[in-house]
Amino acid sequence: MTAAAQARADVLVEALPYIQRFRGRTIVVKYGGNAMVDPGLATTFAEDVVLMRSVGLRPVVVHGGGPQISHLMERLGKVPEFRDGQRVTDAETVDIARMVLVGKVNREIVSAINVHGPVAVGVSGEDAGLILAEPRHPDLGFVGDVHTVSPAILERLLAEDLIPVVSTIGADATGQAYNINADAVAGAVAEALGAEKVIYLTDVEGLLADVDDAASLVSRIDAPALQALVDDGTLTGGMIPKIAACLHAVTNGVGSAHLLDGRLPHVLLLELFSDAGIGTMITRPEVPA
């Protein structure tokens, strides 16, 4: 046997216990950033998700699309406005967000997955009452928070061995649509489904103790220790929404949360099916023996 063939065999053997462990378990993946806009990474992401399904896992994809929304707004002559990092969303903007997220981005992800077989189904948070939204703040317009998730439609799709792809437009009790942060939706969906893991694809290596030092990657941390880093100001900036979603998920029944570098090809497989893993794993509070 050649060295290359032996290496491939070793990879498969290393993956086996993880495949056995996670078979039948739900894995929610939040998809965004460079992983979404780079065509090569989009292709490998679709391959990873299909492989996960093929070996018995139950993947659910949740996606955003902020840059794509801003791009269409600019093409339509509408200037995006942000307050404290959040998009001000008037009636016209929420319509644009629906067009981009539901009509374009969602369809592109579904199509990329379905190149490998008819397995992906696009779902909006408005469908079958999946995401009940509530307004975040009057100054932000139709920007919403997740009030509740009713996962029946996702459970039915998973029972049919399909891959749900969820766009993050929700609706309130009157049917008014809201644009909701995809990080928060992924955590809430993972909680509602009792997921084994929720995985966030980011544009950094994972959680860095020092944002200017790639060598300061935190490979594993439990929820109380992570909360302490937020409380003492060690962690700030753009990672806070993802960290908040991770903390909420793991303290509400999700087995673990993961922050991965979505710029790496096949990063999902490296995290799920290898001994070393990659990125940052956030676990439930450690229980004393």
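This is a predicted model: local features need pLDDT of at least 70, side-chain atom pairs count only at pLDDT 80 or more; totals for chains, interfaces and linings use all residues.

Visitor: Why is the pair of Tyr-31 and Phe-45 called stacked?

Guide: Rings of Phe, Tyr and Trp (its six-membered ring) pair if their centres lie within 6.5 Å; planes under 30 degrees apart count as stacked, over 60 as edge-to-face and the rest as tilted. The ring centres of Tyr-31 and Phe-45 are 3.8 Å apart and their planes are at 5 degrees, so the pair is stacked. Tyr-31 belongs to strand 1 and Phe-45 to helix 3, 14 residues apart. Helices (H or I, at least four residues) and strands (E, at least two) are DSSP runs, numbered from the N terminus.

Visitor: What makes the pair of Phe-142 and Tyr-178 edge-to-face?

Guide: Between the planes of Phe-142 and Tyr-178 there are 70 degrees, with 5.7 Å from centre to centre, and the pair is edge-to-face. Phe-142 lies in the loop between strand 6 (131-135) and strand 7 (143-149), and Tyr-178 in strand 10 (residues 177-180), so the pair ties together parts that are 36 residues apart in sequence.

Visitor: Is Phe-142 buried, exposed or partly exposed, and what decides the matter?

Guide: Buried means under 20% relative accessible area, exposed over 50%, and partly exposed in between (1.4 Å probe, protein chains only). Phe-142 has a relative accessible area of 23%, and therefore is partly exposed. Tyr-178 has 7% relative accessibility and so counts as buried. Tyr-31, at 2%, is buried, and Phe-45, at 5%, is buried.

Visitor: How do you know that strand 7 and strand 10 pair?

Guide: Two strands pair if DSSP finds at least two bridges between them. Strand 7 and strand 10 have two bridges and pair in the parallel sense; Val-143 stands opposite Asn-179 in strand 10. Strand 9 (residues 169-171) is joined to strand 10 by three bridges, and these two run antiparallel. They form a hairpin with five residues between them, and Gly-175 in the turn has a positive phi of about 95 degrees.

Visitor: Which residues of strand 10 point one way, and which the other?

Guide: Ala-177 and Asn-179 point one way, Tyr-178 and Ile-180 the other, and all are buried. In a regular strand the side chains alternate between the two faces of the sheet.

Visitor: What makes a space count as a cavity?

Guide: On a 1 Å grid over the protein atoms alone, a cavity is a set of points where a 1.4 Å probe fits but cannot get out; lining residues have an atom within 4 Å of a point. Grid points are joined across faces, edges and corners, and a volume is the space filled by probe spheres set on the points. By this rule there is one cavity of 30 Å³ or more, and the largest cavity holds about 60 Å³ of space. Its lining includes Phe-45, Asp-48 and Leu-201. Helix 3 provides the largest share of that lining, four residues.

Definitions and conventions. Residues are numbered from 1 along each chain as its sequence is written. Side-chain values use heavy atoms; hydrogens and water are left out. On a 1 Å grid over the protein atoms alone, a cavity is a set of points where a 1.4 Å probe fits but cannot get out, and a pocket is an open set with protein on both sides within 12 Å along at least five of seven lines; lining residues have an atom within 4 Å of a point.
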